[in-house]
Amino acid sequence: MKTIVLACLAVVAVASPQFRKSDASQAAILKDIRSDDGKGNFNYEFDTENGIYTNVVGRTGSKGQSNIEGSYRFTLDDGTRAEVRFVADEGGFRAESPLIPTPHPLPDYAREQIAFAQSQRGRDAAQGGRRRP
């Protein structure tokens, strides 16, 4: 039993995050504002010294879901700022950014899956709308 406990402690110690002061991935938090009314309405704003920023507002939707809108931004490797604005509501998730190509190109595997689904619908319709087990 002692061996198992010691082995578990060793695994936890090895798996724990190792933070160092010199680690460049650590950034100070400049702003962290949050509010939540407990009824589905919330907002938060978060800003760090390395340029990562987000601002999100959520409200209860007409069918009890959360409708969320907001934005986030960060600095790319070349020093330019990337920003994405988004909405998630009854109409789905929609994001806008100069970084997102429009119209959105579909990869080959997605086009193949769409064609397969359409062929299945056609087959099902030809069989009177009944699916085979």
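**Starting from E45**

Reply: E45 lies in strand β2. Strands here are DSSP runs of E with at least two residues, helices are runs of H or I with at least four, and both are numbered from the N terminus.

Me: Before we go on, what kind of model is this, and which pLDDT limits apply?
Reply: This is a predicted model, where local features need pLDDT of at least 70, side-chain atom pairs count only at pLDDT 80 or more, and totals for chains, interfaces and linings use all residues. Residues are numbered from 1 along each chain as its sequence is written, and side-chain values use heavy atoms, with hydrogens and water left out.

Me: OK. Is E45 buried or exposed?
Reply: Buried, because its relative accessible area is 18%. The cut-offs are under 20% for buried, over 50% for exposed, and partly exposed in between, with a 1.4 Å probe and protein chains only.

Me: Which side chains does E45 make polar contacts with?
Reply: One is K31, at 3.3 Å. Another is Y53, at 2.7 Å. A polar contact is a pair of N or O atoms within 3.5 Å; within protein, one must be able to donate a hydrogen and the other to accept it, and residues adjacent in sequence count only if both atoms are side-chain atoms.

Me: And what does E45 touch, leaving out residues up to four places away in sequence?
Reply: K31, D32, I33, Y53, T54 and N55. Contact means heavy atoms within 4.5 Å.

Me: T54 is on that list. Where is T54?
Reply: In strand β3. T54 counts as buried because its relative accessibility is 15%. Beyond four places in sequence, T54 touches Y44, E45, F46, S71 and Y72.

Me: Tell me about S71. Which strand is it in?
Reply: β4, residues 66–75. S71 counts as buried because its relative accessibility is 8%. Leaving out residues up to four places away, S71 touches Y53, T54, N55, E83, V84, R85 and F86. S71 and V87 are 16 residues apart along the chain, with 8.8 Å between their C-alpha atoms.

Me: Back to β2. How does β2 pair with β1?
Reply: Antiparallel, over seven bridges, with β1 at residues 29–36 and β2 at 42–48. Two strands pair if DSSP finds at least two bridges between them. The bridge partner of D36 is F42 in β2. Five residues sit between the strands of this hairpin, and G38 takes a positive phi near 80°.

Me: How many bridges join β2 to β3?
Reply: Six, and the two strands run antiparallel; β3 covers residues 53–60. N43 stands opposite V57 in β3. Their hairpin has four residues between the strands, and G51 in the turn has a positive phi of about 95°.

Me: Switching to rings. How many aromatic pairs are there?
Reply: Four in the structure. F42 and Y44 form a stacked pair, 6.4 Å centre to centre with 10° between the planes. Rings of Phe, Tyr and Trp (its six-membered ring) pair if their centres lie within 6.5 Å; planes under 30 degrees apart count as stacked, over 60 as edge-to-face and the rest as tilted.

Me: Which rings make up the cluster?
Reply: Y72, F74, F86 and F93, linked by ring pairs.

Me: Last one. What's the overall pattern along the sequence?
Reply: α-β-β-β-β-β-β-α. That is two helices and six strands. Of the 133 residues, 14% count as buried.
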